[in-house]
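The following exercises concern one chain. Each sets a task and then works through a solution step by step.

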Amino acid sequence: MALPPGPRSPAFVQAMRWMRSPVDVMESSRERFGETFTLRMSRVGALVFVSDPGSIKRLFAADRDNRLPEGRTVLLEPVLGRRSLLLLEGDEHLRSRRLMLPPFHGERMRAYETVMAEIADRELDSWPLRERFPLHPRMQAITLEVILRAVFGIDDPARRERLGALLVRVLDVVSSPRSQVIGLAARRLGRLGPYGRLQAVLDETEAIVHEQIAERRAATDPDARDDILSLLVGARFEDGEPMSDAEVRDQLVTLLFAGHETTATALAWAFDLLFRNPDAMDRLRAEVADGRDGYLDAVVTETVRVRPVVPSVGRLLTSPATLGGFDLPAGTAVMPSIYLVHTRADLYPEPYEFRPERFLDGAPDTFSWIPFGGGTRRCLGAAFASFEMKVVMRTILRRAELRPATDRPEPYGHRNVTLSPRNGTPA
């Protein structure tokens, strides 16, 4: 068995190119080697990228058997904790996922609509008039507040402000180009130097989170609240046991990291795409004013297709598999590329064009549209994120008429694992 071809440049050169622009690396590799290729990067090793729906379907179907690629634990565990849903595997992962899934679907999720709209309305009150400003940080403020209220259930404004400030500091470190080095050093150096300062912020964050958990545990009527923390505290595994405080803490922080930056970035991309497509903006504004959501749904779906926030996900094969036309051995790290499958011309004619009309007649194909990953590791908060995007966009469009501050589309920026608008979407 042999891995697919790929660039022959040294692994550290490929890693540096990826850190600068993963989109450029994927596009140039696809042009030279086809839809399936191998990238070799320092600290990570060989990664096989696939983008055909058939291979992605087979790979996601084997999620109970395959594992996560090396490196994720080293990078994320110091912040998320070892019980994070993003790091658990096998039966442990499925056990925790089943417990956490109910709050993110159906009527429970819709209970957060009023909170989301209120937060967006209040943020709009602070926006300048007839003055240029970047949208991305404003979206980050909205999504962080949604997490603190709907997920953490923090009512005290002072506690919410303090925890929010701490979490922003942690997110800035984790999202920096040095995040992998920080993850490695945090394990080796503990509380020395700058890693000690990061740990001090994490300690203060954890104290506030545990205080919030303790209040929920002590509540006399836990069913009176519908924030996700309260639901997790009251949930029970199949054996009747509750989550420990450490488990609840790890899942809360995971939900923050998985749901704050990603949703804010998707919202910023949505407005940048609408700025470049005034007909789509006019149609969306008119339908929102009429109380119709069909085109809004299509705009959200098309946004995360043409501008996926995360470019790829990963799996480590535990047994041989044929993917992308290649026989791959066990131990191969395979990357189903969200960006590449979303920009295949055989799946999406004119794939780089923003055309919400693609999705007006029905839902996208399961394995051709994977902005939230797939299989048993599909993003737990996918429905929550899409719902939040629609609520925030509807609120903004009803109150504000935004115009682009530049006539140039936003280029990609690379912020840790996310593809974000490099200039913050100036409006």
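**Exercise 1.** Determine what share of the contacts in the chain with a separation of 6 or more comes from residues 24 or more positions apart.

*Solution.* A contact means heavy atoms within 4.5 Å. Among the contacts with a separation of 6 or more, 72% join residues 24 or more positions apart. The model is predicted, so local features need pLDDT of at least 70 and side-chain atom pairs count only at pLDDT 80 or more, whereas totals for chains, interfaces and linings use all residues. Residues are numbered from 1 along each chain as its sequence is written, and side-chain values use heavy atoms, with hydrogens and water left out.

**Exercise 2.** Describe the overall dimensions of the chain and its burial.

*Solution.* Step one is the secondary structure: there are 18 helices and eight strands, where helices (H or I, at least four residues) and strands (E, at least two) are DSSP runs numbered from the N terminus. Step two is the radius of gyration, taken over C-alpha atoms and compared with a globule rule of 2.2 Å times the number of residues to the power 0.38. The value is 21 Å, close to the 22 Å that the rule gives for 427 residues, so the chain is as compact as a globular protein of that length. Along the principal axes, the C-alpha atoms fill a box of roughly 60 × 50 × 45 Å. Step three is burial: 53% of the 427 residues are buried. Buried means under 20% relative accessible area, exposed over 50%, and partly exposed in between (1.4 Å probe, protein chains only).

**Exercise 3.** Work out the strand order of the open sheet of four strands and the pairing around S6.

*Solution.* The order is S1-S2-S6-S3, with mixed pairing; two strands pair if DSSP finds at least two bridges between them. The edge strands, S1 (37–41) and S3 (315–316), each pair on one side only. Next, consider the two neighbours of S6 (residues 333–336). S2 runs parallel to S6 and is joined to it by four bridges, whereas S3 and S6 are antiparallel over two bridges. Individual partners can then be assigned: Ala-333 of S6 is the bridge partner of Leu-47 and also of Leu-316, while Val-334 is that of Arg-315.

Which residues of S6 lie on each side, and are they buried or exposed? In a regular strand the side chains alternate between the two faces of the sheet. Ala-333 and Met-335 lie on one side of S6, Val-334 and Pro-336 on the other, and all are buried.

**Exercise 4.** Identify the buried residues of helix H5 (residues 90–100) and name elements that cover them.

*Solution.* The buried residues are His-93, Leu-94, Ser-96, Arg-97, Leu-99 and Met-100. An α-helix has 3.6 residues a turn, so residues three or four places apart point the same way. The cover over the buried residues of H5 includes helix H12 (228–234) and helix H13 (245–259).
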